[in-house]
Amino acid sequence: MVKNFFVAIVTIILLAITSCGNNSILTEVPSVNYSLTFPNAEDHYINVELKIGNIQDTVIDLRMPVWATGYYIILDSPKHLTDFSATDANGNPLKWTKPLKNSWLVKNGTANEIVVKYRIFANNKSVGEANVDAERAFLATNEVFLFINDKINTPSTIKITPWHGWSKISTGLKRVADETNTFYAKDFDVLFDSPIYIGNQMSINFRHEDKDFEICVARPQGLDTARFVADFKKIVTAAKDIIGDIPYNNYTLIMMEPGGGGLEHTNSQAIFTDSDLSFPNPGAYNNFMNFVAHEYFHLYNVKTIRPIELGPFNYNGECYTESLWVSEGLTCFYENVLMKMAGLSDARTILNYVTDNLKAYEPYQGKKRMSLAQSSTDIWLNFFNRDANGQDVRISYYTKGPVIGLLLDIAIRQASDNRYSCDDVMRALYNRYYKDAGRGFTPEEFWSICEEYSGSDLCEIKSYVYTTCDVDYEKYFNYAGLTMNRETYRIDTLAETSPEQKAIRKAIIGE
Ligand SMILES: [Zn+2]
């Protein structure tokens, strides 16, 4: 009896604490539930119903992101939103205004639950934009879902009713248990980092490295799926061997119809594919695998190993950083490292890749007018680099970035007797800043780790990033037993090399 009484008292106390705890959570976090339908996919419209509950404020500032993370350009997304309405839970209309191009300010007053409805016209085709047609829907989530401004940590559920005839939904988002076609995002960052593909795609599911994978292929005709899956697994393993960890439980590779471009996400990638997945042209298959490897490695380099400015994201405008040459340039460098480790690329292919990049900027005046770091900041002006004078006034981190990345790798190897390389830098950035500190790195921290492994200052390499000075390629290539023709930028192996040169060369090109 005494014992029971004691248990009863403890239970009451615990209930009170739990209740207080729940109340404090409930008072802070709104509930957000989206429902999507497609009235007529041929008209390219998505109907969205958004229910927000547990509202503590009298005004809700709903926003649409003006860019897709990884796609560094301001998009016209808000103009595709039409037929906005807001009511309370009983259907009484609420007043709203639109003070900014991407802001819908709903005056809910005392209503703690609201229902918002809108339509999205989804008819632009890129990896950063939503696109719906009779065949399928590709939801670049930044163009479909409104978020609550300043409440980025709010979780949400997404219920999708596919258009008639569509049978599958592929996404990196978690499925809600026991709910058909309902997904969960733990916060808005996860939602905007998780594209959704709905249609009749082929879906290949497997486990590898103790993780769940889905490869979804919109038009699989001609694809040697067994070969592709085997090669993709090799890339996953190669990346894990470099970093020492895989930061997701499930990964979704979305291979869309023919088109251009791909976009990285933390546990997925969405890419347009070649017109013919049988890859009849020599080298086309390997180019495609390079592309897949690039987007895959981004889940480390930019999503987890990230410049400090790239998170928490500002979805209302540009996110400037001078370090995209690391995020993009070194990812271009690493796509070749992964291909080499996976046994999918040979020395000549790797050297030709460097030559192609050199040819893209060395002969032009742009190299004297823009540093690599500036190309990162100015990407918001030059994402598609379409101006006729482009190569004469700017450079791209996609071309100079991987070349300077290679020189950095060689410099660290040369200075450390080939004991360390960029792999050690990437692994240290991942462990120290993503895993331990839960944040991105500053440029100073990046260089500090590079210098820690090289054991020397890297002033010259830094000058290739922050200034427009001439690059002494020959010096660094020589460290690796390589030589470059200044006319053609062709790179060859030196006839005679020391064991040290040979060791570095073997590490970077495999022979
Ligand atoms: Zn990239």
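At what angle do helix H5 and helix H11 pack, and how far apart are their axes?

## Two packed helices

Helix H5 (residues 324–341) and helix H11 (residues 400–415) pack at an angle of about 75°, and their axes are 7 Å apart. The axes are lines fitted to C-alpha atoms over the stretch in contact, with angles from 0 to 180 degrees between N-to-C directions. H5 is therefore roughly perpendicular to H11, a label for angles of 65 to 115 degrees.

On the H5 side, Trp325, Glu328, Gly329, Leu330, Cys332 and Phe333 meet Gly401, Pro402, Ile404, Gly405 and Leu406 of H11. Contact here puts C-beta atoms, placed from the backbone, within 7 Å.

## About the model

This model is predicted: local features need pLDDT of at least 70, side-chain atom pairs count only at pLDDT 80 or more, and totals for chains, interfaces and linings use all residues. Residues are numbered from 1 along each chain as its sequence is written.

Now for some strands! An open sheet is formed by four strands in the order S5-S6-S3-S10, with antiparallel pairing. Strands pair if DSSP finds at least two bridges between them. At the edges are S5 (95–100) and S10 (147–148), each pairing on one side only.

Strand S3 (residues 59–63) is joined to S10 by two bridges. Leu62 has Ile148 in S10 as its bridge partner.

## The whole chain

The chain holds 16 helices and 22 strands; these are DSSP runs, with at least four residues (H or I) for helices and at least two (E) for strands, numbered from the N terminus. Its C-alpha trace spans about 85 × 65 × 45 Å along the principal axes.

Key: Angles under 35 degrees count as roughly parallel, over 145 as roughly antiparallel, 65 to 115 as roughly perpendicular and the rest as oblique. Two residues are in contact if their C-beta atoms, placed from the backbone, lie within 7 Å.
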